Amino acid sequence: MKPARLPCLERAGLDGWMVRLFDDIEEHNLLWLTALAEACEAVFGDDLLDLVPSYTTLLVVFDPFRISPCEARQQLIEILDHLKPADAAASGALHELPTWYDPQTGPDLQRVAELSGLSVASVIEAHSSREYRVFALGFAPGFAFMGLLDPALNCPRLDTPRQKVPAGSVAIAGQQTAAYPMVTPGGWNLIGRTPARLFDRNRDGFSLLRVGDRVSFVPVDRATFEAQGGNTTPATGEVTK
Amino acid sequence: MRATNLIGFRVSRAGPLALLQDAGRFGVRHLGVTQGGPADLHAWAWANRLAGNPWGTAVLEVTFGGLELVAERDMTIALTGADLGIHHNLQTAPRWRTLAISAGDTLSFGTPVNGLRAYLAVAGGFRGDSVLGSVACVVREQLGGFDGQGNTLREGEMLTVNQPEATPANQTAPESEQRDYRHPTTLDLLPGAQIAAFNGRSLFEAFNAEWRVDQRADRMGVRLTGPRLQCAISTLVSEGISLGAVQVPPDGQPIALLNDRQTIGGYPRLGNLTPLAASRLAQCLPGQTLRFRAVGIDRALRHHRRFLQIFR
């Protein structure tokens, strides 16, 4: 298909517009998406029900009783006319996630090493030496899709997802990395675990990570991991249906 | 809200799935938290109306049946949505109208007779533990419900209610609003941005073939089986998914996404069911058949606003 001219507005039901700003996943997108989300909050006010940012798009959900799709579209066109990217220096909180990289918490470390042709130590080094950006939250509350990974670590998802991935598991798949906020099924390669509480009822907004935040993984040993409340229960290496 | 915590019901038998639902959880989808709320907005809204409650009051959504409740006090209630073989003591419980019950009375849900989800509203509303601005119970996310932890009802649990401001007047929903869910239905679908990426034959089949509701159906989504739809796009970069989106994964079998769907996803979509079409789908049992009908935005919006006008 011929790429549509960007930005464009796509109908998403009778209460939403998908604002498509980009075709490709790039860090720079986040500055524009952040600015767009802020402008929507200011302009739509109480007519706004939800904003769902993702890699290249922002889904704008409004109250169809208060504002029609046609009116919402007009407002979005005006916002886009005047949109400027958010300030890169000021955007995105920085989080350092302590991570215990070990076969006990990362049963796929060996698989990743084999697929990438690196030693386990080099895999850990490659994963923990970068700063990542949060591109989107989804899949589960507080689950942050982060990137971009060192291309050497690019591994496909598991053929069969695990039924239960322990909370805090640090994982990679394709160009992305993530940490599981709660026990869920999951098909990513598990390489370690963080004691950080990624989704916590005692925190305002619950989620530690937000779209646009910067994240680095800091290797720690078992004693530090446990001292910070990390759960050492092994992840099942066995992949069950 | 009144401060007093009144016990409304005791759960004497827990069915497979009974969830507290207000209008849903809004303003938090950017955190990966789903919308929740009633799978059948239509029946939920009528339950509240007949119990004298404002829009958004928390109602019990009972799926499949099996639940049995004992009233701990005199209350005014309303039952709408599916006929799950519901008994008020020994008699068939009337649906789609205001009903007074007494302390000690039993409400017993059997199995689906007509539709899949019944709604029980109590005058004043059920009282749950609000999490992120809503009591909507989402089991997968462990959020909402009576305890805030996303649990379905358990045997022996006491259900708290609010004291109603006044005893609501006796009302019956107009017959045109009392739905029969047994017949094959036609669902209104607003075409979406990727519709042109489906080939001509697939588009013809999407709107002319009969689709069968699969066993794999829950509050996240309903899988449909029928002719295999082919789309030039196999996956997109993940993006936000709105209510009623009909996505088509590479196997060509559509999935209509409902209230507890994941917040983002990357399959191409035919478009979105209107909110009331999504509600209707949520009442379909596996094996039931349906069709899609493309609808324009003006007509869809008019229809939806007419519905909201009754309640808001």
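Trainee: Are A:Phe199 and A:Phe206 buried or exposed?
Mentor: Keep in mind that this is a predicted model. The cut-off for buried is under 20% relative accessible area. Both A:Phe199 and A:Phe206 fall in that class, so the word you want is buried.

Trainee: And what kind of aromatic pair do A:Phe199 and A:Phe206 form?
Mentor: Look at the planes: the angle between them is 70°, with 5.4 Å centre to centre. Planes over 60 degrees apart count as edge-to-face. So A:Phe199 and A:Phe206 are edge-to-face.

Trainee: How many aromatic pairs are there over all chains?
Mentor: A pair of aromatic rings is described by the distance of the centres and the angle of the planes. For the count, the centres have to lie within 6.5 Å. Over all chains, that gives 18.

Trainee: Why is the pair of A:Phe143 and A:Tyr180 called edge-to-face?
Mentor: The ring centres are 5.1 Å apart, and that is within the 6.5 Å cut-off for a pair. The planes sit at 75°, which is over 60 degrees, so the label is edge-to-face.

Trainee: How many residues apart are A:Phe143 and A:Tyr180?
Mentor: A:Phe143 is in the loop between strands S6 and S7 of chain A, while A:Tyr180 is in the loop between strands S10 and S11 of that chain. Both residues are buried, and they also belong to one aromatic cluster, whose members include A:Tyr55 and A:Trp188. The pair links distant parts of the chain, and the separation in residues is 37.

Trainee: Moving on to charges, which residue does A:Asp108 meet in a salt bridge?
Mentor: A:Asp108 lies in the loop between strand S5 and helix H3 of chain A, and its partner is in strand S8, so the pair ties together parts 54 residues apart in sequence. Both side chains are buried, with an N to O distance of 2.9 Å. The partner is A:Arg162.

Trainee: What is the relative accessible area of B:Asp214?
Mentor: B:Asp214 forms a salt bridge with B:Arg216, the closest N and O atoms being 2.7 Å apart. B:Asp214 counts as buried because its value is under 20%. That value is 16%.

Technical notes: Residues numbered from 1 in each chain as written. Chains lettered and ligands numbered in written order. Predicted model: local features only at pLDDT ≥ 70, side-chain atom pairs only at ≥ 80, totals over all residues. Heavy atoms only, no water. Phe/Tyr/Trp six-rings, centres within 6.5 Å; stacked < 30°, edge-to-face > 60°. Helix = DSSP H or I, 4+ residues; strand = E, 2+ residues; numbered from the N terminus. Buried < 20%, exposed > 50% of the residue type's maximum accessible area, 1.4 Å probe, protein only. Salt bridge = Lys/Arg side-chain N within 4 Å of Asp/Glu carboxyl O.
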